[in-house]
Amino acid sequence: AKEGMYKSRAVMNNMSMQLAANLALTKAAGCMQKSAEVMGAMNDMMKIGEAKEGMYKSRAVMNNMSMQLAANLALTKAAGCMQKSAEVMGAMNDMMKIGE
């Protein structure tokens, strides 16, 4: 009778140890899953940061191009004004020659 009691106690101890081990594994798996989720979120945040940086660079390039176009437009207008001024001066010279 005692032998059966010891065996059943050993079986119960073994079962409780297995349950404890399963519980520990389940907790560890949960922690690992949370860790993986945190790592995934960190990777997403890094990708978002890289995307923002790329957008800022693109915006800077577009602003630079806009400034270059504005400078070219200003030069073209100045060249046009100078050409008109030269034409006016030439016409005035012609008028002065006619008057002589």
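Here is a short tour, going from the overall shape down to a few side chains.

Keep in mind that this is a predicted model. The chain has 1 helix and 0 strands. Its radius of gyration is 43 Å, well over the 13 Å that the globule rule gives for 100 residues, so the chain is more spread out than a compact globule. You can see that in the C-alpha trace too, which spans about 150 × 5 × 5 Å along its principal axes.

What about burial? Of the chain's 100 residues, 0% count as buried. In total the chain exposes about 9,400 Å², with carbon and sulfur atoms supplying 68% of that.

Now zoom in on helix 1, which covers residues 2–99. Met15 sits in this helix, and together with Val11 and Met12 it makes up a nonpolar patch on the surface. The three share about 300 Å² of accessible area. Met15 itself counts as partly exposed because its relative accessibility is 45%, between the 20% and 50% cut-offs.

Charges come next. Side chains of opposite charge can pair when their charged atoms come close. The structure holds 1 salt bridge: Glu53 pairs with Lys57, and their closest N and O atoms are 3.6 Å apart. Both residues lie in helix 1, 4 residues apart, or about one turn of the helix. Glu53, at 44% relative accessibility, counts as partly exposed, while Lys57, at 53%, counts as exposed.

Key:
Residues are numbered from 1 along each chain as its sequence is written. This is a predicted model: local features need pLDDT of at least 70, side-chain atom pairs count only at pLDDT 80 or more; totals for chains, interfaces and linings use all residues. Side-chain values use heavy atoms; hydrogens and water are left out. Patches are made of residues with over 30% relative accessible area and no salt bridge: like charges are joined within 9 Å, nonpolar side chains (Val, Leu, Ile, Met, Phe, Trp, Tyr) within 5 Å. Accessible areas come from the Shrake-Rupley method with a 1.4 Å probe; for residues, only the protein chains shown count as cover. A salt bridge is a side-chain nitrogen of Lys or Arg within 4 Å of a carboxyl oxygen of Asp or Glu. Helices (H or I, at least four residues) and strands (E, at least two) are DSSP runs, numbered from the N terminus. Buried means under 20% relative accessible area, exposed over 50%, partly exposed in between (1.4 Å probe, protein chains only). The radius of gyration is taken over C-alpha atoms; the globule rule is 2.2 Å times the number of residues to the power 0.38.
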